[in-house]
Amino acid sequence: MLPFLIIGVSIIVFGLTRIGGSPVAIYLSHEMSSEEVAEIEARYHLDEPVPVQYAYWARGLLQGDLGWSGVAAAPVTEVFPDKLAATMELAVASAIVAVSLGIGLGTYAGARRNKLPDHLTRIVSISGAAMPLFWFAIVMLIVFWVYLGWFPIGRSTPEVFASISHPTGLYTVDALVSGSFTAFRDAIWHLVLPALTLGYGATAIIARMMRSSLVEELQEEYVDAARAKGLAERLVLRRHARRNALMPTVTVIGLSFGFLLQGTIVAEIIFRWPGLGRWMADSVLRGDRATIMAYVLFTSVLFLIVNLVVDVVYAYLDRRVVLGS
Amino acid sequence: MSATSASQPAVGAANESALRVRIRRMRELAANVLANPTTLAGLVVIVGMVGMALLAPWIVEPNSPNASQMPRDWGAIAVPPGSPGHLLGTTNTGGDVLYGVIWGARTSLRLSLIVVTITVAVGVAVGSLAGFRGGRVDEVLMRIVDVFLSIPELIFALAIAAVLGPSFRNIILALAIVFWVKYARIMRAQVMHVKQNEYVDAARVIGDSNWNIYRRDVLPNSITPVVVQATLDMGNIVLVGATLSFIGLAEAGLAEWGVLVSEGQSGISGGRWWASTFPGLMVFLWALAFNLLGDGIRDVLDPKTETR
């Protein structure tokens, strides 16, 4: 199924490169004669039938040819790794926030059904789905950057960033590798606000699922049995109910990863984070097709793989599921 | 499944009573939905926002020649809320924030209505065809749906709108291309389920045509989850649409919430918080209200899924 979906996505992306103007438009200029234009089009196989064009395009893709990024003024593949590292750092930090906070809040609320913490969590989870990230991020900036001045903007303090080497491109990891506490603190300090902001929506999704599945589990007979044998309520929750309630929650973690991935675009614009998302946004505004296509392909494949991993983890957690059926 | 008995094969005079049953059921449904205070709150906000959208020309004088363009007051640049003539302040380019908030509601209503209408129509048609026919047709259509669902929504819409070129019309088009798939999937599952009912067999036995069976029995009994999703999408579409225009895919100066938030962004480091805050709050309230209403309808129609 996965290879089929990847091919399907690549066909859609290829289709997008062919609507709205010639894909070689960036190589053309007004002074060129029609013969020269035809010559360039022939060089990029645009005189061939569409399926043949797709084959050439896909072959280039597999050989790592993602085209030329006008925005970065370099081949897409050359710029990609650095930007990817910045985005991954942000996305992973947000995922950690979302998973721990989501499961924590969901458990806390589910165990106190219809009490105040439950109602508060409900407000968090309902508003999370409706929260425009682009607005939430700006409000967070107004409060914590403009007025309180607690957190900085951007990915790093330039002098500190320049003081260490960057073998992985992940700022936190690089700081740890070079043993610089100052750099590590700088990295974390810059990461907190965007990670919390970006993680909010996913936290809401996870908390909501965790809460409702915990409420369901707590009504099961095995919970009564555990209580009847005199187990402390805390242990009933930790050893029995929470473990089972985690299973359905795992399935929404894949979904919320998609949420996070899309969110990086807006979060990176607002927090001036030099990652893939901001590059994509710049490319969208300046018509940099090669970057747009590379980005769509990459994020879709990543999204598919994460969902596959979620399925596998779910099957591992729940032995009743048989993979491949 | 709500109205199974309402769509028993009805002949002649029985038609009228079937209609009456349906109206009564709708009333009961509405009463149940509105019994929940949060759902009611959502509905109240929706009525207020839609009212604001429809009455915009009478609340704030429309900008001429194009009312959906922000008016510019070059004598009052970046004034704070409460200034004379600019209740919610102005942007860095003298755009009246109140005008944007109110006319933005109209833009959002137009966006969500157009996109929901197109996506529901296409999704229901594709899903019904796949579910009703089954076999090869189903297989092909559902594989296409799977591929569409593999690309994260916002990223897909962003790429389409980018390739088509920046304009609000292309945002509408991009959202329509992205959002129909969910309906196709929901509708297919519903139709596959409903067509196994005995009343469908009964209709077949009395010799009804496929089209009549679909129209009279299958469609009315399959449509409720689509209604729930459409309600949620009235909110989601504005959310995604505003995000696209925030990124910069709508025309500059359009009276639209996302555009306005983006315009106000440059002022926040100077402490001018209002130009982004108010229009963004509107997007949030809009999406929240439709989410509350959609959840409320779902809870009543399907009490088993207590999702909260």
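1. Helix axes are taken here as lines fitted to C-alpha atoms over the stretch in contact, with angles running from 0 to 180 degrees between N-to-C directions. The model under discussion is predicted. On this basis, helix α9 (residues 224–247) of chain B and helix α10 (residues 257–265) of chain B have axes that come within 7 Å and cross at roughly 40°. α9(B) is therefore oblique to α10(B), and the crossing of the pair is right-handed.

2. The residues that form this helix contact can be listed on both sides. α9(B) contributes B:Ala242, B:Thr243, B:Ser245 and B:Phe246, which meet B:Trp257, B:Gly258, B:Val259, B:Val261 and B:Ser262 of α10(B). Sorted by class, the contact of α9(B) with α10(B) comprises 5 nonpolar and 4 polar residues, with no charged residues.

3. B:Val283 deserves a separate remark. Leaving aside residues up to four places away in sequence, B:Val283 touches B:Val238, B:Leu239, B:Ala242 and B:Trp257 in chain B, together with A:Pro132 and A:Trp135 in chain A.

4. As to the interface, 35 residues of chain A are in contact with 41 residues of chain B. On the side of chain A that touches chain B, at least two residues each come from α1 (2–18), α5 (116–130), α6 (133–147), α11 (233–270), α12 (276–285) and α13 (289–317) of chain A. α6(A) gives the most to this side, with 7 residues. By class, the residues of this side of chain A are 26 nonpolar, 8 polar and 1 charged.

5. A:Arg289 lies in helix α13 of chain A. This residue counts as buried because it has 23 C-beta neighbours inside 10 Å, the cut-off being 20 or more. A:Arg289 and A:Ser69 are 220 residues apart along the chain, yet their C-alpha atoms are separated by 7.8 Å.

6. For chain A as a whole, there are 13 helices and 2 strands. Its C-alpha atoms fill a box of roughly 85 × 55 × 35 Å along the principal axes. Chain A has 325 residues, of which 40% count as buried. Of the contacts in chain A between residues at least 6 apart in sequence, 71% join residues at least 24 apart.

Technical notes:
Residues are numbered from 1 along each chain as its sequence is written. Chains are lettered from A and ligands numbered from 1 in the order in which they are written. This is a predicted model: local features need pLDDT of at least 70, side-chain atom pairs count only at pLDDT 80 or more; totals for chains, interfaces and linings use all residues. Two residues are in contact if their C-beta atoms, placed from the backbone, lie within 7 Å. Helices (H or I, at least four residues) and strands (E, at least two) are DSSP runs, numbered from the N terminus. Ala, Val, Leu, Ile, Met, Phe, Trp, Tyr, Cys and Pro count as nonpolar, Asp, Glu, Lys and Arg as charged, and the others, Gly among them, as polar. Angles under 35 degrees count as roughly parallel, over 145 as roughly antiparallel, 65 to 115 as roughly perpendicular and the rest as oblique. A crossing is left-handed if the near helix is turned anticlockwise from the far one by less than a right angle, and right-handed if clockwise. A residue is buried if 20 or more other C-beta atoms lie within 10 Å of its own, exposed if 12 or fewer, and partly exposed in between; C-beta atoms are placed from the backbone.
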